[in-house]
Amino acid sequence: RGRSMIDWLKSNHDAGSGWLCVFLVGLFAGAVAGTIDIGTRWMTDLRFGICPEAFWFNREQCCWSSNETLYDHDNCSNWYTWAELFGFLHSGVGSYIIAYFFYVAWSLLFATLAASLVMMFAPYACGSGIPEIKTILSGFIIRGYLGKWTLLIKSLGMILAVSAGLSLGKEGPLVHVACCIGNVLAYLFPKYGRNEAKKREILSASAAVGVSVAFGSPIGGVLFSLEEASYYFPLKTLWRSFFAALVAAFVLQSINPFGNEHSVLFYVEYNKPWIFIELLPFLLLGVIGGIIGTLFIKANIWWCKFRKSSRLGQYPRLEVAVVTLVTAFLAFPNPYTKIDTSTLIYMLFSQCGAANNDDLCDYQRNYTNVNSAIENAAAGPGVVRAIWLLSLALIFKYVMTVFTFGIKVPCGLFIPSLAMGAIIGRIVGVGMEQLAYNYPEWPVFAGECSTGDNCITPGLYAMVGAAAVLGGVTRMTISLVVIMFELTGGVRYIVPLMTAVMASKWVGDAFGRMGIYDAHILLNGYPFLDPKDEFTHTTLAQDVMQPRKNGSLYVLTQDSLSLGDVEQLLTETQHNGFPVVVSHQSQYLVGLVARRDLIVAISSAKKAIEGICPESLVMFTPSVPSPWMGPPPLRLHRILDLAPPTITDQTPMETVVDMFRKLGLRQTLVTHNGRLLGLITKKDVLRHIKVMANEDPDSVLFN
């Protein structure tokens, strides 16, 4: 450190490499997320029409490029619908059929292309990715899951799948994409790339970055990583996650993919405070959210089990095509399912004003002054029609999301869950609004609603309902509330959000403690120890360790095994590591050597040392007896871990389970007075927990 300037620079580079790594993760993740958002908006609009002047413009950009000073979504001379391009009028049967055909055809093309890319180049790029990220952060290694190909195909597949109009979101997959970026960049810094435990610190920060760029919610991202994703989250990782999320949010804001001054899509500006009596409908929304979340989890898991056990799982491309065809065919006639889900959520969150001409805002009002307060008014026929269409959209979204989540394309759950909750919330909000209009003399409405001004904001109910259903599906609490108020800018509505989310979690937990991600971890058989569960049994390590009494344990000795014996052991077994002992007689533990390191070291030694043969001794000692007689030995003491995690046979299993959870262990060795007795792997712990819960231990499949 103090010898020269170069040593000083090396020391500071080592100390700051973690900060530099998360800075790069934030930078690249923000750029990738911005590109995905822009690509998604363009390809989504491609289903409805094209901009002949510049085909790479989406609808809004195309309309802004014309001489018209006001952007009107439905009336833009530069934008051509597919029907207009083929010479049909804007309205009419022929126009409707052409529009319907192109809507379905583009959707089918995008979805099948996404599925084909996933199946051919990166099978791990399908699904949400959050269950696997949780498993990896718990200490389990899924090789290739965070690789370069997965990153590329997940990003492209996400654009295609969302543009296809499927009932899915890109927010969950963005967490996977950010973690892929973190994993790839970690290899630029050997301190993190070569050490799985240190790499998980970068991946925790990357998970925070993923949520930050998905929602424009940096603080919510950090809390998501802390609450939902990470096993081990020290203060150092918290600060780095915060910094990375900040960088990512700044980059996304610079790209400005949403075309507004905010880095979020659903920004709202409510100005009415909520009244005390509204806590009751907020609680009701929480209860409904918990019930819907639980029913969704059970239905989706049932369908995924059916897919695994039936012939349906053998035809993933066909399943994607059928789901897309049904989704597009049923979505087009309903204006609320025809548009993309993000636009629907924004519409439901919005407040009705003079500029709104949607059916949802068809109230019997006279807008005389734009700056005056909006008066309370009776709902017109348009509102009733919109409620019916939204009810149908809710059923459609619920059913299609059950069948969509789990198909072989990148698919997230956040946006469909928010949409379902927003629909329910808006319907309840309109009901409360009309109640306040028709019965203003009721004591509960007497103060705030007696002036004639609109005292109930249906958009607020949509926001609370969205949080309630997403909470019911994922069982998130603190991070969800923060994400919601960052997502919408509605900081003054923290209490309604907290009320609904807490009620949703309590109701959901009453029917089943697992959220959708934990349920999929269990379904896929990943070795995941849930840190929220408690181990309350009094068993000891000797009750769980392998091998049991009189069983054989595969070990290496420090200086008496030949190369032929070691290679035979590697051929006959599939263990990830081998304990090294002094001798077969004493069984005193020396250390642990990883299977991978052993294979690489033997291969390298054969190339580098002449005269190596099956009779050469494998030495795990730092020195070799001199003079040496016989073939040259293999000196492998450098790959020996001299301090592997070790417990005694009398250690309570409660402590062992805690060690596995908090240290992210894959295995620990069991000794008695220094002598090796056996080992316990994470899979042994999971099987033991199943046995203690009177469940079949063989139901845990590590596939």
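The paragraphs below take up a helix pair, a sheet, some aromatic rings and one glycine.

This is a predicted model, in which local features need pLDDT of at least 70 and side-chain atom pairs count only at pLDDT 80 or more, while totals for chains, interfaces and linings use all residues. Residues are numbered from 1 along each chain as its sequence is written, and side-chain values use heavy atoms, with hydrogens and water left out.

Helices (H or I, at least four residues) and strands (E, at least two) are DSSP runs numbered from the N terminus. The axes of helix H1 (residues 5-46) and helix H6 (residues 148-163) come within 9 Å and cross at roughly 30°. Axes here are lines fitted to C-alpha atoms, for helices over the stretch in contact, and angles run from 0 to 180 degrees between N-to-C directions. On the H1 side, the contact (heavy atoms within 4.5 Å) is made by residues including Val 32, Ile 36 and Gly 39; on the H6 side, Met 158, Ile 159 and Leu 160 are among them.

Strand E10 (residues 667-672) pairs with E11 in the antiparallel sense over 6 bridges, and Gln 667 stands opposite Thr 681 in E11.

The structure holds 25 aromatic pairs. Rings of Phe, Tyr and Trp (its six-membered ring) pair if their centres lie within 6.5 Å; planes under 30 degrees apart count as stacked, over 60 as edge-to-face and the rest as tilted. Phe 282 and Tyr 461 form a tilted pair, 5.1 Å centre to centre with 45° between the planes. Phe 282 lies in helix H12 (residues 279-309) and Tyr 461 in helix H19 (residues 458-474), so the pair ties together parts that are 179 residues apart in sequence. Phe 282 counts as buried (under 20% relative accessible area, with exposed over 50% and partly exposed in between; 1.4 Å probe, protein chains only) because its relative accessibility is 0%.

Finally, Gly 210 is found in helix H9 (residues 196-215). Gly 210 counts as buried, at 0% relative accessibility. Leaving aside residues up to four places away in sequence, Gly 210 touches Leu 174, Val 175 and Ala 178.

Terms used. Two strands pair if DSSP finds at least two bridges between them.
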